[in-house]
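Q: I would like to learn how to read the features of a protein model. Please take them one at a time.

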Amino acid sequence: MTEKSSTLLKPISPYAALLIKDDSKKFLVIADIHLGWEATLSDEGVHIPSQTSKLLKRLEHIISMEKPDCLIILGDVKHAIEKIELEEWRDIPAFFEKLEKIVPRIKVVPGNHDGNIEVLLPKSVELAPQQGIIIGNIGLFHGHAWPDIKMLGCETLVIGHIHPTITFRDPIGFRITNQVWVKAPCDKTILARSMLRHYRIKFKRNEDPETVLESKFSIEPKVKNLLVMPSFNDFLGGRAINKPSIARDVIFRDFLGPILRSGSVMLDKAEIYLLDGTFLGTLSQLNKIC
């Protein structure tokens with residue numbers, strides 16, 4: 001699943017983490033850590049000890065192995081959406097204060113759970129726009145909102161947000177669930193047309209969106225693939241993407257996020273990988289044996 005281009009993109013087996021090498025710089029990318037999720041369960045009467053220290057220990061181990069120049073968290077640092085829980089006030093600043101001692105630079109791309117996240121972050125942590133960031137020919141954003149239109153010039157788009165898993169039942173009925181990476185091909189023309197409409201860029205119905213992008217923004221659409229990251233917080237569970245006997249339009253509607261809803265992502269042709277790198281096949285193949 002390594003990208004053959006000037007920018008190297010490689011999952012770090014067996015973790016829900018991605019390494020990007022661009023020139024001499026190394027970027028470590030994770031998504032969806034959801035610190036403070038235990039407090040939400042506590043409100044519902046389910047009491048689970050904080051797992052923040054376990055997540056931190058795992059991340060510290062990956063940083064010690066890869067020695068990145070920058071850590072990028074691709075959204076949903078915190079879990080509560082409408083407020084900041086007491087546990088988040090306690091855990092999130094401490095989490096980043098420990099990380100900033102072992103990695104030179106930290107950048108957060110906010111997700112849909114990250115309202116007011118800036119008050120919890122140390123001053124040294126950079127808060128990027130929710131429209132995402134570009135590293136070489138790779139565009140990174142959380143996935144709940146439209147990315148910057150400039151990302152149409154990237155070959156690969158990387159998102160979190162979905163928490164993808166696959167679920168199977170064995171012959172005696174036990175359910176087996178695994179986190180997965182999803183690498184899906186994209187139709188750059190459909191995506192370009194959808195993004196132009198979102199940003200209210202006027203063009204004629206029969207006009208080529210690629211021509212519009214080049215004339216108005218000097219952007220040549222190059223998007224080939226969408227890579228969906230598994231959640232770094234594996235305590236949360238996830239969203240099963242292999243659903244048998246279901247139409248493609250229903251699959252897209254069931255996912256959150258404008259890119260997946262745009263119809264530009266060929267999810268049935270998506271390659272599915274376990275965290276250890278095992279290739280399971282395409283999603284359409286998995287649906288047949290589910």
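Q: What should I know about the numbering and the model before starting?
A: This is a predicted model, in which local features need pLDDT of at least 70 and side-chain atom pairs count only at pLDDT 80 or more, while totals for chains, interfaces and linings use all residues. Residues are numbered from 1 along each chain as its sequence is written, and side-chain values use heavy atoms, with hydrogens and water left out.

Q: How do I read a sheet, and in what order do the six strands of the open sheet lie?
A: Strands of a sheet pair through backbone hydrogen bonds, either parallel or antiparallel. Helices (H or I, at least four residues) and strands (E, at least two) are DSSP runs, numbered from the N terminus. Two strands pair if DSSP finds at least two bridges between them. Here the order is E1-E2-E3-E4-E5-E6, with mixed pairing. Strand E1 (7-11) and E6 are the edge strands, each pairing on one side only.

Q: How many bridges join strand E2 to strand E3?
A: Five bridges join E2 (residues 18-22) to E3 (residues 25-30), and the two strands run antiparallel. Asp22 has Lys25 in E3 as its bridge partner. Helix H2 (residues 52-66) packs on the sheet and touches E2, E3 and strand E4 (70-73). The direction of H2 makes about 160° with that of E3. A contact here means heavy atoms within 4.5 Å. Axes are lines fitted to C-alpha atoms, for helices over the stretch in contact, and angles run from 0 to 180 degrees between N-to-C directions.

Q: How do I read a hairpin, and which residue in the hairpin of E14 and E15 takes a positive phi?
A: Look at the pairing and then at the residues between the strands. Strand E14 (residues 271-274) and strand E15 (residues 279-282) run antiparallel and are joined by three bridges. Four residues lie between the strands, and Gly277 takes a positive phi near 95°. Across the pair, Ile272 has Gly281 in E15 as its bridge partner, and Tyr273 stands opposite Phe279. E14 also pairs with strand E11 (residues 175-185), in the antiparallel sense over four bridges. There Val180 stands opposite Leu274.

Q: Is Ile272 buried or exposed?
A: Buried means under 20% relative accessible area, exposed over 50%, and partly exposed in between (1.4 Å probe, protein chains only). Ile272 has 0% relative accessibility and so counts as buried. Not counting residues up to four places away in sequence, Ile272 touches residues including Ile166, Val180, Val182, Ile241, Leu283 and Leu286. Ile272 and Leu283 are 11 residues apart in sequence, and their C-alpha atoms are 6.6 Å apart in space.

Q: How do I read a helix pair, and at what angle do helix H4 and helix H5 pack?
A: Angles under 35 degrees count as roughly parallel, over 145 as roughly antiparallel, 65 to 115 as roughly perpendicular and the rest as oblique. H4 (residues 188-198) and H5 (residues 209-217) pack at about 55°, with axes 9 Å apart. That makes H4 oblique to H5. A crossing is left-handed if the near helix is turned anticlockwise from the far one by less than a right angle, and right-handed if clockwise. H4 passes H5 in a left-handed crossing. Among the residues that meet are Ala192 and Leu196 in H4, with Val212 and Phe217 in H5.

Q: How many salt bridges does the structure hold?
A: A salt bridge is a side-chain nitrogen of Lys or Arg within 4 Å of a carboxyl oxygen of Asp or Glu. The structure holds four. One of them joins Arg90 and Asp91, at 2.7 Å from N to O. Arg90 is partly exposed at 48% relative accessible area, whereas Asp91 is buried at 10%.
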